[in-house]
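Work through the exercises below with the structure open. Each task is followed by a solution in steps.

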Amino acid sequence: MGALGAGLVDFSPGLLTYVKTKWGGGAIDRLQSWRERELEVIKSRADDAKKPESAVAMESLAYLNKFWNRIPYISDYRHWGVEDYWATPIEALASNGADCEDYSIAKYFSIKELGIKPENLRITYVLVRATKQAHMVLAYYPTPDADPYILDNLTGRLLPASERDDLEPVYSFNDDELWVTGQTQASSKSSKIRSWNDLLEKMAAEKRL
C-alpha cells in the first residue's frame, strides 16, 4: 500500500462534517489553518524560485515544524485510551493533541504535500540518551548521503543529526523502505510496520468521507 500525499488538505464536505461532529467547530478552524499554511508555503516556494532549492526547503520545513509543534502534547493513553496510537494528521489537529509519533507523521505528510520526495524524508525512532525514553522525530535529507536535519517537537530548532547527540537513532522509514541504524541499505519494507499500515488505512478512510 503506497502512502498518501496529493490533495491532503483538500478536505471534502463529508470529512469536515465528520470532524465537526466529533471535535466541534474549532476543529474545522484548525484544519482550515493547516490548509492556509500549506498554500502559503507553496506560494512562497514559487516566489523564491531564484533562491537555492536547499534554502527554500529549509525555510519551508522550519515553518511547518513550528506550525505542528503548536499542538499541545498529550500522551496516547490520556488522549486515546490506549498505550500506543498513531493518529492521522487530521486526527491530531482536529483533536488538538499529539505525541511524538503524531508530530512526526503530520510533518512527514505536510512536507510531502509541498512536493518534497519521500526519499528525502525518514520518520525516525530514537532513544533519548539521558533517559532511554522512546521518542520519534522526522529527518530531512537534502541529499541521500547528507547529514539529515531533525524536526522534533522537543525543540523548534532544525539541527543536523550530528548536533543532536542527545538522541540515539534506532530505525527509520518512509513510504516504502525501512532502515536499521548502522546499515546503509534498507533492510526491509515499511509495510512490515503494523502501526504504519493502520495509519494509512485510516488516512484512506478519511479521503473517502
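**Exercise 1.** State the hand in which α2 passes α3, and describe the packing of the pair.

*Solution.* Step 1: α2 passes α3 in a right-handed crossing (right-handed if the near helix is turned clockwise from the far one by less than a right angle, left-handed if anticlockwise). The model is predicted: local features need pLDDT of at least 70 and side-chain atom pairs pLDDT 80 or more, while totals for chains, interfaces and linings use all residues. Residues are numbered from 1 along each chain as its sequence is written, and side-chain values use heavy atoms, leaving out hydrogens and water.

Step 1: α2 (residues 25-47) and α3 (residues 53-69) pack at about 165°, with axes 10 Å apart. Axes are lines fitted to C-alpha atoms, for helices over the stretch in contact, and angles run from 0 to 180 degrees between N-to-C directions. α2 is therefore roughly antiparallel to α3 (over 145 degrees; under 35 is roughly parallel, 65 to 115 roughly perpendicular, the rest oblique).

Step 2: The contact (heavy atoms within 4.5 Å) includes W34, R37 and E38 of α2 and V56, Y63 and W68 of α3. By class, this contact has eight nonpolar, two polar and five charged residues.

**Exercise 2.** Describe how α6 packs against α7 and which residue classes form the contact.

*Solution.* Step 1: The angle between α6 and α7 (residues 194-208) is about 55°, and their axes are 13 Å apart. This angle makes α6 oblique to α7.

Step 1: I105, Y108 and F109 of α6 meet W196, L199, L200 and M203 of α7. The contact of α6 with α7 has seven nonpolar, no polar and no charged residues.

**Exercise 3.** Which residues touch the most other members of the largest nonpolar core?

*Solution.* Step 1: A nonpolar core is a set of buried Ala, Val, Leu, Ile, Met, Phe, Trp, Tyr and Cys residues joined through side-chain atoms within 4.5 Å; buried means under 20% relative accessible area (1.4 Å probe, protein chains only).

Step 1: The largest core has 47 residues, and W34, F109 and W196 touch the most other members. Its largest share, seven residues, comes from α6.

Step 2: Another core, of seven residues, lies apart from it and includes V137 and I150.

Conventions
Helix = DSSP H or I, 4+ residues; strand = E, 2+ residues; numbered from the N terminus. Nonpolar A, V, L, I, M, F, W, Y, C, P; charged D, E, K, R; others polar. Buried < 20%, exposed > 50% of the residue type's maximum accessible area, 1.4 Å probe, protein only.
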